[in-house]
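Q: Can you walk me through this one? I'd like the overall build and then some details.

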Amino acid sequence: MTETTTAYRSTMRTERDGFGQLLHSEWTKFRTVRGWVIATVVAALVTVLFGLLTAAGSHTSCSNGPVEIACPAIPVGPDGEAVKDSFYFVHQPLAGDGSITVRVTSLTGGVAARDGGVVRKLDATTPTSGEIQPWAKAGLIIKENTTAGSAYAAIMVTGGHGVRMQDNYTGDAAGPAGAVSAASPRWLRLTRTGNTLTGYSSIDGAAWTAVGTAHLAGLSTTVQAGMFATSPIQETFTQQLGGGSATGGPTLATARFDTLGLQGHWPEKAWTGDAVGAEPGRAASGELRQSGATYAVTGTGDIAPDVAGSGATIEQTLAGVFATLAMMVVLGVLFITTEYRRGMIRTSLTARPRRGQILAAKAMVIGAVTFVTGLIANAVTFPLTAHFLRANGNFIYPTTWLTALRVIAGTAALLAVAAVLALAVGTIVRRSAGAVAAVIVLIVLPYIVSTAGVLPAGPSQWLLRLTPAAGFAIQQSLIEYPQVSHAYVPAFGFYPLAPWSGFAVLCAYAAVALGVAHYLLQRRDT
Amino acid sequence: MMLALHAEWTKLRTVAGPAWLLLAAIASTVALSAAAAAAPTCPLDRCLVDAPRLSLTGVQLGQVVIAVLAVLVVGGEYSTGMIRTTLTALPRRVTVLAAKATTVSGLTLAAGSVAVLGSLLAGRLILPGNGLTRSRGYAPLTLTDGPTLRAAAGSVLYLVLIGLLSLGVATAVRDSATAIGVVLGLLYLFPILAQVVTDPIWQRHLQQIAPMTAGLAIQTTTDIASLPISPWAGLGVLAAWAAGALLAGGLLLRLRDT
């Protein structure tokens with residue numbers, strides 16, 4: 001009689017061997033270290049705390065003589081964006097459809113001379129120096145009313161950018177180039193047909209070319225139409241070691257108009273001169289001088305989007321993110337270096353010999369934890385800080401909800417990618433202190449030296465293109481407009497790369513680091 | 001104490017890490033300084049560049065390496081368990097910390113001096129070719145010039161104080177990664193907050209208590225009146241931070257088991 005023996009079989013239940021299992025085990029490793037969980041919660045709280053600190057330390061008030069008053073409201077355009085809308089407007093009502101034609105024979109002006117450092121009044125008698133501003137504007141405008149921020153379309157000559165057709169602050173179409181002078185005057189025409197306004201230009205008053213068309217939704221039947229002149233603040237931006245500063249002063253533009261022709265129903269048949277958007281309490285800025293059929297209009301200000309400098313940006317509410325970043329980088333590094341220090345890595349690699357999967361699972365866990373933490377922290381901090389900033393009299397640049405979402409979620413994604421980069425660098429060097437220092441320095445130091453005005457603008461922009469700090473571009477909520485002269489430099493919140501391209505640079509760093517970490521993990525013993 | 005010092009010196013001397021870190025501190029300081037000196041261009045006839053400060057820009061990078069070195073002097077012992085041996089051999093905790101502080105200071109003093117002198121030499125060689133010539137009012141950098149000497153010596157002291165601050169933090173938190181995170185957070189967060197806050201009084205106060213901003217005031221040689229804090233007082237602020245960190249580390253070292 002022979003006994004049959006069966007081979008030994010473990011009575012343990014066979015576990016699934018999938019990637020999900022691995023993710024679960026990495027999540028368990030993170031979840032069960034109490035210090036790490038506490039650090040994650042603290043990291044989120046720190047964002048909120050520093051946001052509130054930012055709001056508490058930012059008061060804005062304006063003074064009217066010795067009395068502190070609330071600052072005048074910054075006008076908001078028809079599309080909800082902050083705008084600059086101040087100019088000298090020679091206008092009369094236009095009822096229904098119609099058109100206005102004029103010849104511009106000169107556009108002159110420059111920086112208004114200061115009388116003991118103060119510009120007392122800005123009109124045709126104010127002496128000016130220097131050249132006309134490239135974006136000094138004068139021409140014809142049809143506007144909903146004389147309130148700053150109302151809808152408009154305008155055809156104009158400019159100091160250095162030829163004829164332009166602009167509408168509702170952000171719209172801009174280029175017409176024939178060249179400066180205007182008595183020898184080469186420009187004819188301008190603006191017609192209204194329903195809600196459609198079309199601007200034309202001509203060099204002889206006979207052959208006309210259309211420059212642009214604007215559709216102003218909801219335009220009233222009776223609008224204000226006429227001639228205008230304005231000239232933006234001159235800004236000289238200097239950035240030297242130790243800080244960037246913009247200095248400037250008001251400028252003036254004077255345009256001469258003649259051969260005025262009106263079509264349609266103009267009920268008042270008389271021109272009124274108004275300084276639109278002039279600050280209350282200030283002397284009138286700009287004036288009209290009429291002699292016969294010639295009108296000389298002098299104005300100062302700008303009709304354009306307000307690109308920066310009048311208030312806080314939404315990304316400034318998330319200043320505490322740097323502390324969170326430092327903490328999440330530490331966690332990202334520790335997530336792998338702790339395994340090396342405790343020898344846990346041998347267990348991990350024995351249990352799962354396919355090492356690339358371990359790295360992937362770790363990256364996903366630390367990335368997801370950081371993203372969720374950042375998202376919650378930012379979603380709480382943003383409205384809270386914005387509320388207190390406004391309560392302290394600060395203006396916050398309005399943005400679309402899509403931009404706000406990009407800033408909030410993008411900042412969380414930035415933290416997550418930074419944590420993954422930290423994990424990869426930690427895997428490469430297997431030493432925690434060096435890895436933490438390297439990652440924080442790579443991300444934060446270029447940001448500080450570029451935006452705090454340590455470096456000049458040129459090198460700053462290169463740093464924010466080439467280093468992982470380029471990722472902060474995802475936070476930019478301000479918009480650059482080619483038709484507005486401004487120092488679009490990092491010190492004022494403008495990044496050289498578009499938001500997602502900048503973020504892609506950071507992602508590329510993380511991807512390359514993960515690649516190197518994967519290679520080394522395969523090649524090294526443990 | 002001599003015994004403790006000798007032990008610390010042996011521990012540092014016999015592993016390759018500290019030596020490489022010291023070399024890296026010198027190299028990164030001089031490299032960034034040279035790059036910064038090569039960067040400025042003067043668009044106008046009149047430059048507003050603070051030449052000694054510009055040539056010492058690299059200290060901002062070198063301090064990170066010094067911080068890593070100082071953190072590892074303590075953190076490394078905790079990660080390997082060496083700290084138990086150290087404290088068994090030398091049960092007087094304050095002596096151990098004092099010995100570590102002395103060693104770190106000595107090494108940083110030496111490396112910092114080389115790094116600062118190298119940076120100034122780089123500035124002296126590069127700046128004239130970049131428009132900062134004698135005819136524009138920029139004499140070649142020299143240590144015989146009072147403010148330049150103050151900036152140079154102050155930068156070395158700054159690095160020493162950063163080393164001591166890091167040592168204190170590392171002793172308090174007992175983990176290298178956390179310690180370096182805390183130190184860098186402390187250094188970098190204040191300047192960022194000062195940038196975001198709009199209230200000038202808050203801004204000034206933030207800059208006055210920030211270890212990095214206040215400490216680096218020592219490098220300024222022009223327009224000192226516009227600084228938020230005077231050069232030596234600024235270095236004093238950093239010294240207070242370092243003293244506070246060392247005190248906290250020392251107390252915790254005494255109170256805790258290891």
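Q: How many helices and strands are there in chain A?
A: Chain A has nine helices and 20 strands. Helices (H or I, at least four residues) and strands (E, at least two) are DSSP runs, numbered from the N terminus. This is a predicted model: local features need pLDDT of at least 70, side-chain atom pairs count only at pLDDT 80 or more, and totals for chains, interfaces and linings use all residues. Residues are numbered from 1 along each chain as its sequence is written, with chains lettered from A and ligands numbered from 1 in the order in which they are written.

Q: What domains does chain A have?
A: Domain 1 (19-57 + 311-523) and domain 2 (83-305). The bounds come from an automatic or database domain assignment. The centres of the two domains of chain A, over C-alpha atoms, are 46 Å apart.

Q: And what box do the C-alpha atoms of chain A fill?
A: Roughly 130 × 55 × 40 Å, along the principal axes. The radius of gyration of chain A is 31 Å, while a compact globule of 526 residues would have one near 24 Å. That radius is taken over C-alpha atoms, and the globule rule is 2.2 Å times the number of residues to the power 0.38.

Q: Switching topic: how many residues of chain A are in contact with chain B?
A: 39 residues of chain A, meeting 33 residues of chain B. In contact means that the C-beta atoms, placed from the backbone, lie within 7 Å.

Q: Which elements of chain A give two or more residues to that side?
A: Helix H2 (34-56), helix H3 (321-342) and helix H7 (432-451) of chain A. H7(A) gives the most, with eleven residues.

Q: What about the classes on that side of chain A?
A: 25 nonpolar, 13 polar and one charged. Ala, Val, Leu, Ile, Met, Phe, Trp, Tyr, Cys and Pro count as nonpolar, Asp, Glu, Lys and Arg as charged, and the others, Gly among them, as polar.

Q: Now A:Ser106. Where is it found?
A: In strand S4 (residues 87-112) of chain A. A:Ser106 touches A:Val180, A:Ser181, A:Ala182, A:Ala255 and A:Arg256, not counting residues up to four places away in sequence.

Q: Why is A:Ser106 called partly exposed?
A: Because 17 other C-beta atoms lie within 10 Å of its own. Buried takes 20 or more, exposed 12 or fewer, and partly exposed is in between; C-beta atoms are placed from the backbone.

Q: How much of chain A is buried?
A: 50% of the 526 residues.

Methods: Two residues are in contact if their C-beta atoms, placed from the backbone, lie within 7 Å.
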